[in-house]
Amino acid sequence: SRFKDECVPLKILQVVSRSKEFSDARMLRTEKKWLNNLNSKLRYKLGEKVKTVEDKIVLLLQAGISDFADLFGEDNLLRVETQKHVQVASRLLRSWAEYVLSDDSPSGFNFEMTRILVRL
């Protein structure tokens with residue numbers, strides 16, 4: 001994994017960032033410096049510099065659900081993109097949690113993962 005700390009919340013964000021719903025996401029070369037700076041301010045840091053669109057999504061999701069009100073400064077495009085990603089991720093995670101808790105889910109799903117998803 002590309003993450004410094006192996007923890008469940010980061011793994012969940014990583015899985016979400018690979019979702020087909022984010023297939024239209026792009027990363028501009030000019031965003032990399034800002035994203036690497038953002039990486040240094042967040043709780044769950046990437047193990048190295050931002051390289052992929054999935055890395056960008058993981059960072060933006062963290063920024064979107066964090067208590068940092070002014071991470072975006074004047075960049076309204078990234079603010080809007082983050083809001084969109086958080087809405088999509090919330091929908092995906094709620095659906096995932098509902099499925100895991102349903103009678104249709106196969107036995108053997110990780111109970112701890114389910115507890116974390118339900119809290120999101």
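Helices H3 and H4 pack at an angle of about 90°, with their axes 9 Å apart. Here, axes are lines fitted to C-alpha atoms, for helices over the stretch in contact, and angles run from 0 to 180 degrees between N-to-C directions. The two helices are therefore roughly perpendicular to each other; on this scale, angles under 35 degrees count as roughly parallel, over 145 as roughly antiparallel, 65 to 115 as roughly perpendicular and the rest as oblique. The model is predicted, so local features need pLDDT of at least 70 and side-chain atom pairs count only at pLDDT 80 or more, while totals for chains, interfaces and linings use all residues. Residues are numbered from 1 along each chain as its sequence is written, and side-chain values use heavy atoms, with hydrogens and water left out.

As a whole, the protein has five helices and zero strands, and its pattern along the sequence reads α-α-α-α-α. Helices (H or I, at least four residues) and strands (E, at least two) are DSSP runs, numbered from the N terminus. Of the 120 residues in the protein, 38% are buried, where buried means under 20% relative accessible area, exposed over 50%, and partly exposed in between (1.4 Å probe, protein chains only).

Which residues meet where H3 and H4 pack? From H3 come Lys56, Ile57, Leu60, Leu61, Gly64 and Ile65, and from H4 come Leu78, Glu81, Thr82, His85, Val86 and Ala89; contact means heavy atoms within 4.5 Å. The residues of this contact divide into seven nonpolar, three polar and two charged. In this grouping, Ala, Val, Leu, Ile, Met, Phe, Trp, Tyr, Cys and Pro count as nonpolar, Asp, Glu, Lys and Arg as charged, and the others, Gly among them, as polar.

Lys56 deserves a look of its own. This residue lies in helix H3, which spans residues 53–65, and Lys56 is buried, with a relative accessible area of 1%. Leaving aside neighbours within four places in sequence, Lys56 is in contact with Arg26, Met27, Glu31, Leu35, Val50, Leu78 and Glu81.

The structure holds four salt bridges, a salt bridge being a side-chain nitrogen of Lys or Arg within 4 Å of a carboxyl oxygen of Asp or Glu. One of them joins Glu31 to Lys56, with the closest N and O atoms 2.7 Å apart. Because Glu31 lies in the loop between helix H1 (8–17) and helix H2 (32–41), while Lys56 lies in helix H3, the pair ties together parts that are 25 residues apart in sequence. Glu31 is buried too, at a relative accessible area of 11%.

The side chains of Glu81 and Lys56 also meet in a salt bridge (3.1 Å, N to O). This pair links distant parts of the chain, with Glu81 in helix H4 (residues 76–101) and Lys56 in helix H3, 25 residues apart. Glu81 counts as buried at 18% relative accessibility. Through shared partners, salt bridges join Glu31, Lys56 and Glu81 into one network. Elsewhere, Lys51 and Glu48 form a salt bridge through their side chains (3.0 Å, N to O), and Glu48 counts as partly exposed at 37% relative accessibility.
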